[in-house]
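User: I have a model to go through before I set anything up. Let's take it piece by piece.

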Amino acid sequence: MIAIVSAGLPPVGAAAPAGAAPSLGTMAAERAGSPTPPPPRLPRNFRGKGKWVVRDLGITVPFSWEGRDGDSQMIAGGPQYPIWFTNLIYRDTLYTLTYKWPGVTEHPCSRFPGFNLEQLNEGLRDARFVGREILQRKPYRHVNHWRVGVVRPTLPPGAFPRLPLALGDIYVDQRDRGTFWQVLQFGIQNLYDPELDEWAVMDTFAHKPGRVTLPRECAPPAPPAPPAPPAA
């Protein structure tokens, strides 16, 4: 999961303007004077299902997100869909493998060692609180909306050139910061998408151990067999 921000578009399920036909969406529900809630924190064990939405391509595919003992895995689509990929945090390494994407012909497994759940949650500690909202789906979800991001170079306020490397919006349950209902990823980690933004929209999210499987394409090569002992 690396980053996630809205790019001027209303959130998936955004409330329609007055007089327009109703649509799925978010609706501000601020409580004046209420304290800022604690930031999101991905749990060690969870399982959830929903949809992966790529709006500019007009593609929506099934999506699952599961965690077990601190490892976690996202899977979007499948062999029968136009999009199919998996992202994993597995044994202190971040993996991403895209099996299918429009216009993509090479499908390597990318590895980023030295990344785990603790580092992810440490990054989420610096998320900025946007507000309390309602995702207008069935059922309605009362959420806290957070924004996270990585911007380079790190410079003081002022007229300096900056590049948003990885940005995102995260919507977690108001009663449980470890229940993730919606995520928008935006930035260079979405280079396959022309508009650089993709949505994860969860229908279920349970705090039970899930299943995490490292694809064979990402597994390290087997060590060579030891030489046979010399004949007597």
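User: Which residues does Ser-64 touch, leaving out those up to four places away in sequence?

Analyst: Ser-64 touches Gly-48, Lys-49, Gln-73, Met-74 and Ile-75. A contact here means heavy atoms within 4.5 Å.

User: Before we go on, what are the ground rules?

Analyst: This is a predicted model, where local features need pLDDT of at least 70 and side-chain atom pairs count only at pLDDT 80 or more, while totals for chains, interfaces and linings use all residues. Residues are numbered from 1 along each chain as its sequence is written, and side-chain values use heavy atoms, with hydrogens and water left out.

User: Back to Ser-64. Where is it, and is Ser-64 buried or exposed?

Analyst: Ser-64 is in strand β3, residues 59–68. Its relative accessible area is 13%, so Ser-64 is buried. The classes are buried under 20% relative accessible area, exposed over 50%, and partly exposed in between, with a 1.4 Å probe and protein chains only. Strands (E, at least two residues) and helices (H or I, at least four) are DSSP runs, numbered from the N terminus.

User: What is the overall secondary structure count?

Analyst: The protein chain has 1 helix and 12 strands. Along the sequence the pattern reads β-β-β-β-β-β-β-α-β-β-β-β-β.

User: What fraction of the contacts join residues at least 24 apart?

Analyst: Among contacts between residues at least 6 apart in sequence, 52% join residues at least 24 apart.

User: Different topic. How many disulfides are there, and which cysteines are joined?

Analyst: The count is 1 disulfide, where the rule is a pair of cysteine sulfur atoms within 2.5 Å. Cys-109 is joined to Cys-218, with S to S at 1.9 Å. The link of Cys-109 and Cys-218 is right-handed, at 105 degrees about the S-S bond. Cys-109 lies in strand β7 (residues 109–113) and Cys-218 in the segment after β12, so the pair ties together parts that are 109 residues apart in sequence.

User: Are those two cysteines buried or exposed?

Analyst: Cys-109 is buried, with a relative accessible area of 14%. Cys-218 also counts as buried, at 1% relative accessibility.

User: How do β11 and β12 pair?

Analyst: They pair in the antiparallel sense over 5 bridges. Pairing requires that DSSP finds at least two bridges between the strands. In this pair, Gln-182 stands opposite Val-201 in β12. β11 is mostly covered, as 10 of its 12 residues are buried.

User: What sits in the loop between β11 and β12?

Analyst: Ile-188 is in that loop, which runs between β11 (176–187) and β12 (197–206). Ile-188 is partly exposed, with a relative accessible area of 44%. Leu-196 is in the loop as well. Leu-196 counts as partly exposed at 27% relative accessibility, and its phi is positive, about 65 degrees, although it is not a glycine.

User: Which nonpolar surface patch is Ile-188 part of?

Analyst: Ile-188, Leu-191 and Tyr-192 make a nonpolar surface patch of about 320 Å². Patch residues have over 30% relative accessible area and no salt bridge; like charges are joined within 9 Å, and nonpolar side chains (Val, Leu, Ile, Met, Phe, Trp, Tyr) within 5 Å. A salt bridge is a side-chain nitrogen of Lys or Arg within 4 Å of a carboxyl oxygen of Asp or Glu.

User: What about the backbone at Asp-69 and at Pro-139?

Analyst: Asp-69 has phi near 55 degrees, a positive value in a residue other than glycine. Asp-69 is in the loop between β3 and β4 (71–77) and counts as exposed at 53% relative accessibility. The peptide bond from Lys-138 to Pro-139 is cis, with omega near 0 degrees. Pro-139 is in the loop between β8 (128–135) and β9.

User: Last one. Where is Gly-149, and which residues does Gly-149 touch?

Analyst: Gly-149 lies in strand β9, residues 141–152, and counts as partly exposed at 36% relative accessibility. Not counting residues up to four places away in sequence, Gly-149 touches Arg-128, Ala-166 and Leu-167.

Technical notes: Accessible areas come from the Shrake-Rupley method with a 1.4 Å probe; for residues, only the protein chains shown count as cover.
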